[in-house]
Amino acid sequence: MPTDEAMLNEAILAARAGDKTRARDLLTRLLQLDKTVSDHWLWMSAVVETRQEQIYCLQNLLKVDPGNEVARKGLILMGELAVGSKDVRPAVATRKVAWSIDELEMDRPRGWRAVMANPVSRSIVYLVGAVTVLGLITGGFFTYQNFRPAVPTPNFNATAQAIGAITTLTPTSSPVPTATNIFNTPTPTPSRPTPLDLLLDATYTPTPLYVNTPHPQAEAFRLGMIAQTRGNWESMADLMQQTIDLDPTAADAYYYLGIALMNLGEYSQAFNAFAESALADDFFGPAYLGRALARLAMDPTADVSRDFQNAISRAGDFGVIYIERARYLIERGEYDSANDDLEMAASLLPDSAEIPYLRALSAFMQLDYETAAELAADAHERDITHLPTYRLLGEVEFASGNLSEAVEWLETYILYEPSDIEMTSLLARALARAGNLDKALAIFDRLLDENEASPDFYLGRGMTYLAAQNFEAAFRDLNQANRLRRNDYDILLALSIALIETGEPGNAYVTLNQTLELAEDLAQETIVRYYRGRALFDLVSNGDVNSRPAAVRDFEFAIDNAGLLPLDLVEQAQTFLDQLNPSP
């Protein structure tokens, strides 16, 4: 019914604007009218306030739409559905709320009890928003046409492969805070994504608390520990402060106050809390771990090796310290030392998913993609809720050229981390290389609309336009990328291709000479020489016979180094050369 559709649209607008109360009210009315519409359950799952309510919505969504991947992945990641399982058991709401089935069949209560939002609530909102955007995008495919009958049109799929598909992937550290209940550090920088255990109640392999000292005189401490398991960081901070007020010597209370403050983004205050913990008990090792991580959150370049060493000397049986120091060492390229720490961590925490994950990250940083893939798969098998593993597997598969696998891992990751623009850009690049041009363009459009203009985004969209043979749009984007970042090999090469295809071989020739000066190896020189030959060929075709010898030399160079070019480009180079040197 049009009225129902209008009401749903209004609910969606309210949800996106953050007005959950209005969205819940509208969706409740829609569910009263029809409980079999999947969109009603999907959007209700985005605006409820507790984990159990979200499970309830997603399970009912899967009941009315058994093939719904959003619901299935959400339930798997929340531990309510086994991987590969199609069986769904509807949950029972633990409390009566305004949208529950019981209440939908009678008058709703007038009020909505205020509860502290579980972190999952925020993740589901982002999940639904991301799925909505991605679901509206239609995947495209590469198409090839000969625009100039006398001149072979380059194969842009091969071109994309040859120049690294939009940009050459350089492995970058993807460090993340420890994924345990002992120290859930939030993201200090965009390159440190929040692990999924901050979105769920616990990981599959939680690390036991290092210390949980009873404080008989302070019920607040016990309640604070409960708040930690629920991710209620503000409540945890308040309760730990109450414990400290009663017992200023409680080193563990200062420590857990620091954990709560870290998760609230109050890094300076967290550092002070960890420092107070060390002052209260100099032999309390976790305090020094906290100091190290708080300092890194404030300054990722800080030298915290002494704090790590102090933590280990005082708490050598605390495996998390070795894991965190290994992460710190990997970021700095000290792979052998990091491996030593991971060996020690494995002896203390044999089931931890963080250990194979960090080993995989280390292998990836050293360009050993096969080993990285094997280790990351082990980490994923140990804990399917560990989001950084999804990110790393996406990066590894992209670097290995396994584009469909890269897209699958990255799409799942971005459902729960839509703010990670680096990985969103990588997803778009993977889609473009796989031929899903419309989907890639939609993502690049969104990135450029929502973020500060980036040469990488313009480069990515420009290369995608090249593959779609929209050469005028490609030139505009690539020219803008060149304005934003000068003397970049990838940008200049892509811009040269756009100039060739828009009928500007002279300007392309000049730009390719600049690009050749930036080539770092024989492979890069070969691809530039091929395209310079293309530009010279077009000049010859336009009557500049003096360009013929140079064009022949460039094509012969490309053919002599055929092993460094995609086969399609080698064949095209030979075709051009045959036209320049016709048989007698």
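Arg327 is buried, with a relative accessible area of 2%. Glu354 also counts as buried, at 2% relative accessibility. In this predicted model, Arg327 and Glu354 form a salt bridge whose closest N and O atoms are 2.7 Å apart. Arg327 belongs to helix α15 (residues 319–331) and Glu354 to helix α17 (residues 354–365), so the pair ties together parts that are 27 residues apart in sequence.

**The chain as a whole**

The chain has 584 residues, of which 57% count as buried. Its secondary structure comprises 29 helices and 0 strands. Among contacts in the chain with a separation of 6 or more, 60% are between residues 24 or more positions apart. The chain exposes about 24700 Å², and carbon and sulfur atoms supply 49% of that area.

**Salt bridges**

Side chains of opposite charge can pair when their charged atoms come close. In this model the count comes to 27 salt bridges. Three of them are set out below.

| Salt bridge | Closest N and O atoms |
|---|---|
| Asp25 and Arg29 | 3.7 Å |
| Arg327 and Glu354 | 2.7 Å |
| Glu343 and Arg359 | 3.3 Å |

The salt bridge of Glu343 with Arg359 has its closest N and O atoms 3.3 Å apart. Glu343 lies in helix α16 (residues 335–348) and Arg359 in helix α17, so this pair ties together parts that are 16 residues apart in sequence. Glu343 is partly exposed, with a relative accessible area of 44%. Arg359 is likewise partly exposed, its relative accessible area being 23%.

Asp25 and Arg29 are placed within one helix: they are 4 residues apart in helix α2 (residues 20–33), and are therefore separated by about one helical turn. The closest N and O atoms of their salt bridge are 3.7 Å apart. Asp25 is partly exposed, with a relative accessible area of 22%, and Arg29 is partly exposed, with a relative accessible area of 35%. Salt bridges that share partners join Asp25 and Arg29 with Glu10 and Arg22 into one network.

**The packing of helices α27 and α28**

Helix α27 spans residues 522–541 and helix α28 spans residues 548–560. The two helices pack at an angle of about 145°, and their axes are 8 Å apart. The crossing of α27 past α28 is left-handed. On the α27 side, the residues that meet α28 are Leu522, Glu525, Thr526, Arg529, Tyr530, Arg532, Gly533, Arg534, Leu536, Phe537 and Val540. On the α28 side, the contact involves Arg548, Ala550, Ala551, Arg553, Asp554, Phe555, Phe557 and Ala558. By class, this contact of α27 with α28 has 10 nonpolar, 2 polar and 7 charged residues.

Arg532 lies in helix α27 and is among the residues of that helix that meet α28. Arg532 counts as buried, at 14% relative accessibility. Apart from residues up to four places away in sequence, Arg532 touches Tyr509, Leu512, Asn513, Leu516 and Asp554. Of these partners, Asp554 is listed in α28.

**Two further residues in helices**

Thr412 is located in helix α20 (residues 403–416). This residue is buried, with a relative accessible area of 7%. When neighbours within four places in sequence are left aside, Thr412 is in contact with Lys73 and Tyr390.

Arg291 is found in helix α13 (residues 286–298). Arg291 is partly exposed, with a relative accessible area of 23%. Its contacts, leaving aside neighbours within four places in sequence, are with Phe271, Phe274, Ala275 and Asp307. The C-alpha atoms of Arg291 and Ala278 are separated by 9.1 Å, and these two residues are 13 residues apart along the chain.

Key. Residues numbered from 1 in each chain as written. Predicted model: local features only at pLDDT ≥ 70, side-chain atom pairs only at ≥ 80, totals over all residues. Heavy atoms only, no water. Axes fitted to C-alpha atoms, helices over the stretch in contact; angles between N-to-C directions. Left-handed = near helix turned anticlockwise from the far one by under 90°. Contact = heavy atoms within 4.5 Å. Nonpolar A, V, L, I, M, F, W, Y, C, P; charged D, E, K, R; others polar. Salt bridge = Lys/Arg side-chain N within 4 Å of Asp/Glu carboxyl O. Buried < 20%, exposed > 50% of the residue type's maximum accessible area, 1.4 Å probe, protein only. Areas by Shrake-Rupley, 256 points an atom, 1.4 Å probe, with all protein chains shown as cover.
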